[in-house]
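Colleague: I have a model open on my screen and would like to learn how to read it. Could you take me through a sheet and its helices?

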Amino acid sequence: MDRVLKDDAVEEKGERARMASFIGAMAIADLVKTTLGPKGMDKILQSTGRGRNVTVTNDGATILKSLHIDNPAAKVLVDISKVQDDEVGDGTTSVVVLAGELLREAEKLVNMKIHPMTIIAGYRMAVECARNALLQRTMDNKENTDKFRSDLMNIAMTTLSSKILSQDKEYFAELAVDAVLRLKGSTNLEAIQILKKPGGSLKDSFLDEGFILDKKIGIGQPKRIENAKILVANTAMDTDKVKIYGARVRVDSMAKVAEIEAAEKQKMREKVQKIIGHGINCFVNRQLIYNFPEELFADAGILAIEHADFEGIERLALVTGGDIASTFDNPESVKLGHCKVIEEIMIGEDKLIHFSGVEMGQACTIVLRGASEHVLDEAERSLHDALCVLSQTVNDTRVVFGGGWPEMVMAKEVDELARKTPGKKSHAIDAFSRALQAIPTIIADNAGLDSAELISQLRAEHHKENSTAGIDVITGSVGDMQKRGISESFKVKQAILLSATEAAEMILRVDEIITCAPRRREDRM
Amino acid sequence: MAASSAPAPAAAAPRKGETYTDTKRRDDVRGANIAAARAVADAVRTSLGPRGMDKMIASGDQAHEVIITNDGATILSRMSLLQPAARMLAELSRSQDAAAGDGTTTVVVLAGSLLRRAQSLLSAGAHPTAAADALHRLATRAVEVLHGMAIPIELSDRDSLVKSASTALNSKVVSQYSSLLSPLAVDAALSVVDPAHPDLLDLRDIRIVKKLGGTLDDTELVRGLIFDKKVSHAAGGPTRVENAKIAVIQFQVSPPKTDIEQSVIVSDYAQMDRILREERNYILGMVKKIKAAGCNVLLIQKSILRDAVTDLSLHYLAKAKILVVKDVERDEIEFVTKTLNCLPIANIEHFRADKLGHADLVEEVSVGEGKVVKITGIRDMGRTATILVRGSNQLVIDEADRSLHDALCVIRCLVNKRFMIAGGGAPEIEMSMQLASWAKELQGMESYCIKEFADALEVIPYTLAENAGLNPIAIVTELRNRHAKGEKNAGINVRKGQITNILEENVVQPLLVSTSAITLACECVRMILKIDDIVTVR
């Protein structure tokens, strides 16, 4: 028989293809499984690149996105975790683990000769049922500000409890809730700046209203300005050069050279005069400000900050409400930024510039302190997760309990459904319920608890109406989630459920994997 | 219902029924991490304490540079470590360096000892997170114990400051000079504390200039400025100026150069003469302006684009009796202007008398083989200090520099947090005792873990004694005995080789060093414990 495909292309069919994708997906799920839950473990990510950088993390999305992956099904799981991260910011591990469990159950069913399409149909019914079950049990405290705040605190603490910040979770939950409430409903996390400074301990981290720029003030310039008018610019402050290659000036005497130099200086002086003409007392430039203009600014009593990084500039423009200018001919058309006080502050060993009372009242800075870069990076990731979840919750105020409670509630309803459904589909629905229960099982296993015992107890508890029981990992028993204050955002849970099912469905449908022939490099010899 | 009734983590409890989890690989990774981290800790262990040994580090690259040091942070930063957990320990000592500046060896030794106990706890069946949580509680409690032992101090109490600085210096190569270096460090530090912010001390305001030649005895604190360069007197300019008016300039005294490319076209010989004349006039004009402002000392910023000075300009400046120091680095400008209380001048047009700084004397002094420029008697001097370190070879000078840095950091800790604590292993043994008795009040796994970790703290006095050639077991047991009798400040007196009240021996250190050592070490160990896998990534 003639080959249909190119020489190097590989084709895997039917059973083998399905097997390959199941195995790949489950391997990925097993890899991140141990990081789940408050007693989950961390991983060291060792880079093979230059410097062999080391990252210590417990964040599913971070682990997954840095992996080398060859298996197409595994890539699908990495993608859903990435999407989960972008959409809601948390639950990146859960979504992968749930998808892995769904596939594990599906594999058993396929071995029982149940057609993948039947499984998919069953899963679809189950997910609909599970979502509705969860929806009915959500709580909404939108009206009551105090209660809503305590909801937010609970969510933040639950999110943080699985991260490095767990020991100081109350402190950081407070920080995160304060920061998010300042945003007043917008999900623009850009206004929250996270600044990392090694040294001190995590407890020394603090929330600061305003904006902090990690730069120095020029020599001989005021170190403190009140009622600042800020011009944010991205412009060259040496000389405006003619950008045509080979342009040169021919002169026939030294005096002329001196004249040109003087003219260049004069041009710079005019530029500075124009900038000063905006009526500002603070000038922030993304590029270098050379000695000469710096002195001119100092003479005019203007605070000039040079070489601010790109992100810093954009954020500064955002929070002070100014534009980033690069020409200075029309002072009227340039919007200046404003803030109440600019001053130099010291954090640890470093001097930083602090802008307080900025135009955009939502803005704030969280300064993280910690023992080492590793701790700080991980703390930033954790805090970012918490901030994402909180800002989502502010918009969608529905809340559910945590600690395996939502999974058990869903599993119970799905079980009911399985009993009512005739036909082979009921096997799939049953399997879905088992996959849901795997999440609390893993949480218990990671904490070194006897999962089989705990889950059976939990299931018995949930057989009662309106139970609020979940796994209390701290005491190692089944506890009342309401009393423990363990909550999660409904939006996150829903996203986990839906995208994990979708991913599982997608992988399940696969019956052929075609690996394309790599494109030949042309021989240039 | 056993699991729900027992409040302790069930990790230690035997599992009921069949639970199968493959944990072999995880234990392997954790074990490998702990082993690697302990190996690092063991490497620096012998350099702890006043009788600690030094390490010679030869760099692997072409230069084969050699350093001799006993500063933990320096040793670890120079070791080329690959294993991730080992690198975490190196970073730990760097954090301690940033936070407190001293105790960089202590923190690593402490972490190593805690890890050893952690390993035995794990093999006894403790869950890593249970051990990690216990460690966190231990750290919080240990800090309380330390606070209980602390002695408040005033900044005006110079003697106490000198004492703690010399404790930091005693473990260094330069320990025999501690009586000279510690008052020096204290004076330097105190002279830069701004009365407006009494609890801030910016070490960047203290500059250490190293100069080969002489011995460490010649090290001095200079009230003024020192430049490690010669005066530019190629054309016979002055090398000593009294009643100096000093200008810091950021422009160049040399023929003009434009940013746009230019070329001077010479078509006949007469033009050549004219150009030379013009060049002379141009420079002469600049020098005249400088002279007109009354300036007689010129500090010129280094320039990469063009010559800062030429032979010609030096000649004119010499004629005008102006002392010239060239190639001042750009990042030094702020320090220099702050010290001289003047403003940098970026353009000849702005050369005005009000931007100048004043000093009684600027002179070139021979120091050993080389020469330095010294500026003294500065009027309205800013809050800065300069220390001139001398030594017979580069290795000693470098080590003296590192030791001085440690001593300055100690003072900075005391400025930040005005408490002192006894040294000589006294705080560690006290913590160990109090934590062990606290562990008895607790229940379950936590109690067991804390008991183990409390014992781990004894590694510090043990190592101190061992390094001093004493019998560690006899010393540690006696120390325990004395502390049990309530002598909180009993510590190891290394000089006498026995246990004494360490406060009477003036061995004291800042509280911040001890507290940050224990919290940082615990944080690092917790992190290592929680790792169960090493994943290779892009």
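Predicted model: local features only at pLDDT ≥ 70, side-chain atom pairs only at ≥ 80, totals over all residues.

Colleague: Which strands form the open sheet in chain A, and in what order?

Modeller: Strands of a sheet pair through backbone hydrogen bonds, either parallel or antiparallel. Here three strands of chain A make an open sheet, ordered β5-β15-β6, with mixed pairing (strands are DSSP runs of E, at least two residues, and helices runs of H or I, at least four; two strands pair if DSSP finds at least two bridges between them). β5 (192–198) and β6 (206–209) of chain A are the edge strands, each pairing on one side only.

Colleague: In which sense do β5(A) and β15 of chain A pair?

Modeller: They pair in the parallel sense, over seven bridges. A:Q193, for instance, has A:T365 in β15(A) as its bridge partner.

Colleague: Which helix packs on the sheet, touching β5 and β15 of chain A?

Modeller: That is helix α11 (residues 373–395) of chain A, where contact means heavy atoms within 4.5 Å. Helix α7 (residues 169–182) of chain A lies across β5, β6 and β15 of chain A.

Colleague: And is B:A98 buried, partly exposed or exposed?

Modeller: B:A98, in helix α4 (residues 84–99) of chain B, counts as partly exposed because its relative accessibility is 34% (buried is under 20%, exposed over 50%, partly exposed in between, with a 1.4 Å probe and protein chains only).

Conventions. Residues numbered from 1 in each chain as written. Chains lettered and ligands numbered in written order. Heavy atoms only, no water. Axes fitted to C-alpha atoms, helices over the stretch in contact; angles between N-to-C directions.
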